[in-house]
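Subject: Structure for you to look at

Hello,

Here is the structure I said I would pass on. My notes on its salt bridges and on one helix pair follow below.

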Amino acid sequence: MSPNTSLQTPPTERRLTPRPPRGSSALTLAAALLGFALITLDASVVNVALPAIGGDLGGGMSGLQWVVDAYTLAFAALMLSTGAFADRVGSARAYALGTVVFTLASAACGLAPTLGVLIGARVLQGVAAAVVLPASLALVRQAYPDPQRGARAVALWAAGGSVAVALGPVAGGALTTLWGWRGIFFINLPLGLAALILTARAPRAGRRPAPLDLSGQLAAAVALAALAFAVIEDGPVRVVAGLLAPAAGVAFWWIERRAAHPVVPLGLFRGRTVAVALGAGASASVAFYGVIFVFSLYFQRVRGESALMAGLMFLPMTALIPVMNVLSGKLSNRFGPRVPMLIGQLIALGGLLVLLLADERTPTLLAAFLLIPLALGCGLSVPALTAAMMEALPQERAGLAAGVLNAGRQVAGALSIAVFGALVGGGVGFVRGLRLSLLIAAGLFALSALSTVRLRRA
């Protein structure tokens with residue numbers, strides 16, 4: 001699993017691509033891998049730094065939630081259209097543009113004098129990340145037109161995301177302790193520059209006319225943003241957002257029904273396997289991202305650990321994710337995706353229930369090891385549910401399917417942070433809010449596992 005993003009397949013480019021020189025292929029892969037790892041890392045590296053950001057810039061729990069969700073929501077909302085954008089301008093150009101904007105936005109985050117500026121810069125980071133993701137994988141495919149070499153290259157590209165997820169909390173803790181919270185953003189500057197330099201040798205594919213459903217994309221973005229405001233904010237803002245979210249959702253449905261080239265064809269959701277895979281992916285993201293968010297606060301606010309120690313406490317959990325990704329692929333090849341998908345969901349469900357034991361007196365190291373079953377379950381189920389969705393749709397719709405799956409998972413993760421943050425920051429107390437959050441995630445996983453059981457055997 002790359003909990004941050006499962007494999008996103010870009011729109012297929014139906015043209016003959018000249019075989020690039022070997023050195024160019026290797027450099028292109030390095031550039032794509034670096035860019036993908038960078039945007040994946042930025043989705044999780046900030047969690048451990050949240051107490052330090054709050055202490056410096058203020059803003060309370062809702063402000064800290066927006067520091068995470070501003071990036072994730074922008075990333076998720078625009079991911080539906082950025083594949084088509086990369087086709088229109090060319091993947092190398094799109095990748096370079098996204099990397100430049102991401103790097104400049106990172107500098108703005110590091111220099112932010114107020115929480116509002118930081119949140120705005122995080123939105124810009126998310127927009128850029130949504131462009132980088134499909135363009136980076138398209139670059140890999142162009143650089144390795146041979147199917148066998150291409151498959152190995154894509155596997156390396158995906159591994160970069162898994163490694164970034166594993167290193168995110170640790171890197172965030174180390175940078176916050178040694179450099180301050182601004183360091184988690186400034187580190188992106190040399191990495192972004194390196195990615196741009198490597199991209200100079202990437203093959204330049206021609207542009208291809210690709211329809212953009214701008215009205216549908218706008219309606220989706222408004223609906224998601226309003227939903228997040230309704231959960232995170234309070235008072236009149238919550239009321240207005242609560243009315244705007246369903247209105248924008250209805251507008252999105254109406255637009256997509258009538259659009260010649262909808263950003264999300266509504267017929268995609270009629271297949272049972274697709275619906276189950278989307279629900280399972282959302283459940284995994286709610287559990288994984290939500291738990292990392294609240295336990296980052298738990299380790300520092302409840303257990304009194306430093307940012308560095310809090311980051312290290314996630315290492316036993318995240319280090320096992322790439323191993324489970326590999327195991328999931330092997331089990332899917334032998335038994336079909338339904339088996340590892342179901343086993344992973346049941347392990348994750350048990351892991352969430354075990355985490356209910358954590359309270360103010362739980363030793364920090366024990367709490368870190370209690371996180372492991374959740375990682376094992378998510379790491380096993382997400383690659384399998386991705387495979388199940390891809391197998392349920394024609395090959396020519398693989399890019400659309402992966403885009404919708406990734407966007408759904410990102411949105412679910414963002415909303416889990418909004419809801420869980422409201423619970424632990426509310427009047428019920430942190431530990432009780434933590435347990436309510438875990439029960440919500442466990443309930444979603446139970447429903448997901450029940451739906452998976454009812455799928456036809458592969």
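Asp359, Arg361 and Arg435 are linked in a network of salt bridges, a salt bridge being a side-chain nitrogen of Lys or Arg within 4 Å of a carboxyl oxygen of Asp or Glu. This is a predicted model, in which local features need pLDDT of at least 70 and side-chain atom pairs count only at pLDDT 80 or more, while totals for chains, interfaces and linings use all residues. Residues are numbered from 1 along each chain as its sequence is written, and side-chain values use heavy atoms, leaving out hydrogens and water.

Asp359 is buried, at 12% relative accessible area, whereas Arg361 is exposed, at 67% (buried is under 20%, exposed over 50%, partly exposed in between; 1.4 Å probe, protein chains only).

The whole structure has four salt bridges. One of them joins Arg122 to Asp42, with the closest N and O atoms 3.0 Å apart. Arg122 is in helix 5 (residues 115-143) and Asp42 in helix 1 (residues 22-44), so the pair ties together parts 80 residues apart in sequence. Helices here are DSSP runs (H or I, at least four residues), numbered from the N terminus, and strands are E runs of at least two. Both Arg122 and Asp42 are buried.

Another salt bridge pairs Asp56 with Arg182, at 3.7 Å between the closest N and O atoms. Asp56 is partly exposed, at 45%, and Arg182 is partly exposed too, at 24%.

Regards
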